[in-house]
Amino acid sequence: MKHLDIDATLDSARILVCCGSGGVGKTTTAAALALRAAERGRRTVVLTIDPARRLAQSMGLSELDNTPLRVVGVDDSQGGSLDAMMLDMKRTFDEIVLTHAEPSKAQAILANPFYQALSSSFAGTQEYMAMEKLGQLQASGDYDLVVVDTPPTRSALDFLDAPQRLTTFLDGRMIRLLLAPAKAGGKAYLKVVSAGFNVFTGVLTKIIGAGVLQDVSQFVAALETMFGGFRERAQATYDLLKAPGTAFVVVAAPERDALREAAYFVERLAAERMPLAGLVVNRVHRSAVTSLTPETSLAAAQSLEQSGGSPLAAAVLRLHADRVQLAGREQRLEQRFVSAHPDVPVVEVAALPGDVHDLAGLRAVGADLAGGSQALSA
Amino acid sequence: MADFPGVRLHVVNGKGGTAKTTVAAALALALASGGKRVLLTEVEGRQGIAQLFDSPPLPYEERKVAVAPGGGDVHALAIDPEQALLDYLHLFYKLSPNGIPARSLRRMGAIDFATTVAPGMRDVLLTGKVKEAVVRRNKDGSPAYDAVVLDAPPTGRIVRFLNISHEVGGLAKVGPIKTQSDNVMAVLRSPQTAVHLVTLLEEMPVQETIDGVADLTAAQLPVGGVVVNAVREPLLPPADLVAAEQGRLDTTALATGLKEAGLDAPEPLVQALGQEALEHAQRVALEEHGRDTLARLERPSYELPLLPDAVDLGGLYRLAASLREQGMA
């Protein structure tokens, strides 16, 4: 197994994207990586999507805020610093509209009920806005490294596709059709579509009602003025993700589903030629007592129980056997991933009894990220 | 007597990583036991049910995936918004899925459009299909399914997903979509529905469960039970647990005991085992704390054991039996 050298990545990358399925400790990993980079001397900002309350508090974040805030308590002796921010999806979207649309149109867009639905809950808006914000932070020149935590989308596609999907959507046939009546110029085009279109608007009106259809048309017409801007930005973001200096870190837990998702991610990144730094396997159980196998432990525990010997020793032996067996299962699952993806560098982070919610805890996770993996590769 | 006698729609949700799909499947099996007919549905297009039941990807079709103990059936359906829309058009507007209007809707990308620009509308279609299965009747007037289990989107999205009237209300104040969403909402808010939350005894999932219950209650959605998944039994006797957690485990006694069992007990080994006991005790204490926090919700609560290996079909049956024993089904 190749070992993921986290420090080398932290020292050289300009953008670090953490991705993976929900519930694997992705946000904590992103925060730990950012803190470590900062304490190694880099001016770092971490962009989180939905951190647990106490983790957010530990970084001084109390609410959604589109401006990065300095994290207090970071060791700045190497000249680095850490800022953190929580993404406000709707506000980021509003800002794009205000930047790209003419002032009169911008207000019409912001007030449209369809815009409000799209900007606050479009599946993909969160991903798209995270990428948009990432581009802004990177372009600001204030940071050496931008670490971004991605939304816990079940499907990896959602995240990578976000910019493309929004573009495809805006370029879609439906939108062109809704705009068609307003465009007298495209007569030939209209002729082809009109028969189908009439049936279609008829059905649509019947189903969703004329008022709704009118709102949609108005929304689309207003948006059209900014299509160009959207497309450009989506493409710029996509290029930024592929550019040298960007590194993806896939985060997983040593469980079947999480590793399956991670494998999918790794393959997808490869297909898109996105630069993968490696895989972080969180919450790994290990045992320092390698000399005592589960079989020996269980046999010894049994003999103690039968002979009425020390219940404490028997219990501790059972506990040890349980832990080694769990570690073994996790290693087999991980090995399966490694066999299928031998070129992907991997690092393990030990399971902690509780959640991390202070800088000291993040620092410890960072140290484990930088020094881990020895157990399995040794 | 089961805890949810009048409930015919069981919505199962939880934070990512809590294995809510497994719990939904086990609940469906439990509800089907003894000759019942249950429909298990998913809406996120990830084919989690097929993976659990070792079956090829589910088409948009209600298909039998398992037989329950005592002769019931579990059917499964992966609901897809496009198919649900075509169903809806067929049911309410008598538009054949292969007729010109439906085909032209599809060709124009109207379905993509409608489901992209207005996620609330997509959710109406998805929940609308679930509701249709709940209220569907056989020719003789008996319900088509005794119960429907919905593997719902994760906790963070659950209220938005179920509270469709609110989501759609901003888009359509009158008209057929509004009527449909009101009808679906009426079923979701009725005593026929229970929204269960799946959690682990870890800090974040417990917190999300607490928040989830508050959000569901505020949205007037009926909260069902709390299912604590992947529970591990404490392995140390209670007194030793306390001692271990306080860092004063009797290592001398431990060393003596190990020798008694015929093992070498050098100091580093004893220390390392002591450390493992300490970590175990810390985890048990955190789990106990999580359990206490959940108990304050005063909801019916069920615990499912951690299955040593990944859940297979045999494991699902074990979990289903456990849910029945605890009275959830």
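1. In this predicted model, the axes of helix 1 (residues 20-32) of chain B and helix 14 (residues 313-325) of chain B come within 8 Å and cross at roughly 65 degrees. The two helices, helix 1 of chain B and helix 14 of chain B, are therefore roughly perpendicular to each other, an angle of 65 to 115 degrees being counted in that way. The crossing in which helix 1 of chain B passes helix 14 of chain B is right-handed.

2. As for the residues that make this contact, helix 1 of chain B contributes Thr22(B), Val23(B), Ala25(B), Ala26(B), Leu27(B), Leu29(B) and Ala30(B), which meet Leu316(B), Tyr317(B), Leu319(B), Ala320(B), Leu323(B) and Arg324(B) of helix 14 of chain B. Sorted by class, the contact of helix 1 of chain B with helix 14 of chain B holds 11 nonpolar residues, one polar residue and one charged residue.

3. The axes of helix 15 (residues 311-340) of chain A and helix 12 (residues 251-260) of chain B come within 8 Å, and they cross at roughly 80 degrees, which makes helix 15 of chain A roughly perpendicular to helix 12 of chain B. On the side of chain A, Leu312(A), Ala313(A), Val316(A) and Leu317(A) of helix 15 take part, and they meet Ala253(B), Leu254(B), Gly257(B) and Leu258(B) of helix 12 of chain B. Of the residues in this contact between helix 15 of chain A and helix 12 of chain B, seven are nonpolar and one is polar, while no charged residue is present.

4. Turning to the sheet of chain B, eight strands form an open sheet in the order 3-4-2-5-1-6-7-8, with mixed pairing. Its edges are strand 3 (63-68) and strand 8 (301-305) of chain B, each of which pairs on one side only, and the twist from one strand to the next averages 25 degrees.

5. In chain A, strand 7 (residues 276-284) and strand 8 pair in the parallel sense over four bridges, and Glu348(A), in strand 8 of chain A, is the bridge partner of Val281(A). Strand 8 (residues 346-350) of chain A is largely enclosed by the rest of the structure, because four of its five residues are buried.

Technical notes
Residues numbered from 1 in each chain as written. Chains lettered and ligands numbered in written order. Predicted model: local features only at pLDDT ≥ 70, side-chain atom pairs only at ≥ 80, totals over all residues. Heavy atoms only, no water. Buried < 20%, exposed > 50% of the residue type's maximum accessible area, 1.4 Å probe, protein only. Pairing = 2+ DSSP bridges. Axes fitted to C-alpha atoms, helices over the stretch in contact; angles between N-to-C directions. Parallel < 35°, antiparallel > 145°, perpendicular 65-115°, else oblique. Contact = heavy atoms within 4.5 Å. Nonpolar A, V, L, I, M, F, W, Y, C, P; charged D, E, K, R; others polar. Left-handed = near helix turned anticlockwise from the far one by under 90°.
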